[in-house]
Each structure stands twice: as C-alpha cells, then as structure tokens.
Amino acid sequence: MTGDLGAGQTTSLTLGEVVRAALPDFSQRHRLPAHHWKVLRAIAACHTPALGGHQYECAHCGRAHFVPHSCGNRHCASCQRLKGAQWLEQQTEHLLPIPYFHVVFTLPHDLNPLIQHNQARLYSLLFSSATATLLEFGRNNLKATLGVTAVLHTWGQNLGDHYHLHCVVTGGGLAVNGKSWVSLRPTWLFPTRALSVVFRAKFRDGLQQLFDAGQLQFPSAEPRLADPAVFARWRRRLCRHKWVVFTKRPFAGPQAVLAYLCRYTHRVAITNSRLEVLDQPHDTVSFSYKDYAHHGTTRSMTLSLTEFLRRFCLHILPPRFVKIRHYGLLANRDRPARIATARALLGQGPIQAGHEQEPLATVKHVEPPPLVCPHCGHATLVLIRVIDRPKTPPIWDTS
C-alpha cells in the first residue's frame, strides 16, 4: 500500500491514509469533542497538498518534485519520530553517570470508564500518585531526593485503553542536606509490593478528594456512583486487589537510557510501521500487535475503519496536557544547578570496583533526511518556491 509521503520518507501505509479513508463515514456516526476533530483533521491533511509544501526542481534531471508539509501534531505517527530525537538532544545534558531504573505503574481496567470521562484530572492524579510514591521511598529509605522522568501511555497493543506511566528513576539521589550523593545498589530499586500498596493508597485518596470537591463526572452507564455511599463501596472494591507496579532491570548505563527515552517519549497510539493493509472496498484496516498473553507473539488484527478510529480517539490527549514530566532531582525549576551539584558530588567519590560507569552518551545533532529526487535518485533538489496551505482546508462534520 503506497502513501503520499514526501522525499526521504518511506512509502508504506501511514496513519494519515487510514484517517482519510475512515473520516467520511466516521463523522456521520460519532460525536466528538472539538479538539478531537482538530487532531483528526490535522493527521488527515499531513503530507498532503492541503497543508501546502515545497516545490523543488532537480538540478540533475530537470524534473519537478513537490514535497507536502507535515502537520506537526503530537498525535501524528509521521511527525513524532524527528520530534522525539530533537527532544532527546535537550535531555542529554541532564544525564548522570549512574544506573537508571525503569518502573511502570498501571491502573486497573475497572477505572477505564471513569478515566474516559475525567481524562485530565485522572491522568494528573496518576502522575502525582506514582511519582510521589517514588520520591517518598527515596526520602524514607535513602534520605535523598531521586530524579524521575515520567511518560504517560494510555494504550495497549490492540489500541484498547490501558492506562500506565513509564518512569525512568535515577539510581540514587542528592542527600536531603544537599551535601552528598546517596547511591542505590545497581541491581535493586525498591520492593514492588510496597510500591504498589503506597501507589494504590495515594491514588485512592486522590480519587476521594476529587469526589468530595465535586470534580468527577460519571459514565451514563453508572449514574449511581454519584451517591457517596455507592462511590465508597466502589472505591473499596477497586482497592481490594493488588495494583500492578512493574520494575524492570536497570538500564545498562546512559546509552540505554537515551535509547529508551527516544523510543517511548514521543510514541503515539500506533506507529506507521505496525499498519499492514488498508482495505477500502471492505472498510477495514489490519495492523500488527504483540500478544503479551502468549509470550509477546506478533499477530495481526483487522478492524473496521470506524472501530479503528474510535479506538484511536481514546488516546487523544486533552488540550495542552503535558504527557512527559520531570520530578525531584530532575524537576524543571533550578534543574541545571541540581545536576551540576550532583555531577560534582559524583566526581568526588571513588568508583566502586566492579561498577565502573561508562562515559556519558552523546547525541549527534538530528537533521531531517536528505531530499532525494524520486525520479533520478540524486540529492540535487533545488528549492523553487514555498506554497502556503490553501485558505479553505478540507471540511468534515465537527458537530
């Protein structure tokens, strides 16, 4: 399946093609918030003449070539790869020569309907509950301030709603008095069972505070949850079981941390590489996914275009919602000063035998792929003119 991409890009099936095929029928069947339609229109127009583009002429063969503009939307699979690499360049200067740990906090699926009706508030509660848990363990167990970078993911491999937070945690922190560096053992963070209990309690208490303040909206299928007694019983039932907190093995130094961040920070619900077949006569799309219930086996799933777009819309973030956040040692305010202090303290102490750290990784400046003439294959394209987007963009029903 061939897409309408610009020079230097692959010609495989793209999310934009799927959205364009699905929108006409989808817009007749579904009512969505205005910002959802804005996202869908942007993705549908990405790398098409609807956004204007650059007109080139090849100095080698003399033929013309038009490169349409991208949409730049943060939900667009075609636009996020370069943005992720550029963001990564900015984060490199904050890495320390220490072990880093990967912790995943997952919300139970019984919360899914409530989250769908209270996305911004409950996403923020997930951030605050998980990161406060990690920082509290650092203060109590190490008497130190850890650094945490947290990234929100809302999807599972089949595009269903699966709300979880990926956290990259420093293997140690600044002592509370700011005069020394306190290290963690390179193979151990904190007990996951204890993290789970504290995380669950913090989220439970945050839910109650939102309820008491009248800031929760309830699904139409469960209107009785607005009753305090019913909500209290539901909340107790929700906390009856263990919540999943998963601690992965520590990263093998800063290089691996960079690779992880680049892979996860700007990921969207589905990447272009997972899209397989767009069958417009039958109004279906097929994509690959990992079946973790069967040892991560790669399988193929086929959905109607309408169902595919419905699932994709579950993962459109609220307007201006920040999905990558830094806490503790890595919090944005005064971060350069804290990192400089940490580096100085780490440089003063001797490196323990058997735990030598690799040098800090460096990231080369990321440039867009070179423009190659699609007709002769030579990188000899000369810009002739820039074409602005038409004044009247494509219109879909936004009611």
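Which residues are linked with Glu 307 in a network of salt bridges? Keep that one in mind; the tour ends there.

**Before you click**

You are looking at a predicted model, where local features need pLDDT of at least 70, side-chain atom pairs count only at pLDDT 80 or more, and totals for chains, interfaces and linings use all residues. Residues are numbered from 1 along each chain as its sequence is written, and side-chain values use heavy atoms, with hydrogens and water left out.

Start by colouring by pLDDT, the predictor's confidence in each residue, from 0 to 100. The chain averages 86, and 87% of the residues score at least 70. Now select residues 348-366: the pLDDT there is below 50, and beyond near neighbours in sequence this stretch has 27 contacts in the model. Contact here means heavy atoms within 4.5 Å. Residues 395-399 are also below 50 in pLDDT, with eleven contacts beyond near neighbours in sequence.

**Stop one: helix α6**

Select residues 192-212, which make up helix α6. Helices (H or I, at least four residues) and strands (E, at least two) are DSSP runs, numbered from the N terminus. How far apart should the ends of this helix be, at 1.5 Å a residue? The expected span is 1.5 Å times one less than the number of residues. For the 21 residues of α6 that gives 30 Å, and the end C-alpha atoms are 30 Å apart, which agrees.

Next, pick out the buried residues of α6, among them Leu 195, Phe 199, Phe 203, Leu 207 and Phe 211. Buried means under 20% relative accessible area, exposed means over 50%, and partly exposed is in between (1.4 Å probe, protein chains only). What covers the buried residues of α6 includes β3 (100-106), α4 (112-117), α5 (119-142), α7 (228-238) and β9 (245-248). Show those elements around the helix. Then step just past α6 to Gly 214, which takes a positive phi of about 70°.

**Stop two: across to α5**

Go to Phe 137, whose place is in helix α5. Buried or exposed? Phe 137 is buried, with a relative accessible area of 11%. Leaving aside neighbours within four places in sequence, Phe 137 is in contact with Leu 142, Phe 190, Ala 194, Leu 195 and Val 198. Phe 190 is 53 residues from Phe 137 along the chain, yet their C-alpha atoms are separated by 7.6 Å.

Stay with these helices and show the side chains of Lys 202 and Glu 136. They form a salt bridge, with the closest N and O atoms 2.9 Å apart. The rule is a side-chain nitrogen of Lys or Arg within 4 Å of a carboxyl oxygen of Asp or Glu. Lys 202 lies in α6 and Glu 136 in α5, so the pair ties together parts that are 66 residues apart in sequence. Lys 202 is partly exposed at 26% relative accessible area, and Glu 136 is partly exposed at 24%.

Arg 204 and Asp 205 meet in a salt bridge too (3.1 Å, N to O).

**Stop three: a hairpin**

Strands β4 (144-145) and β7 (172-175) run antiparallel, joined by two bridges; strands pair if DSSP finds at least two bridges between them. Look for Ala 144 opposite Ala 175 in β7. In the hairpin of β7 and β8, five residues sit between the strands, and Gly 178 takes a positive phi near 70°.

**Last stop: helix α9**

Now for the opening question. Glu 307 is linked with Arg 310 and Arg 311 in a network of salt bridges. Glu 307 and Arg 310 both lie in helix α9 (residues 305-313), three residues apart, about one turn of the helix. Their side chains meet at 2.9 Å, N to O. Glu 307 is partly exposed, with a relative accessible area of 22%, and Arg 310 is partly exposed at 33%. The salt-bridge count comes to six.
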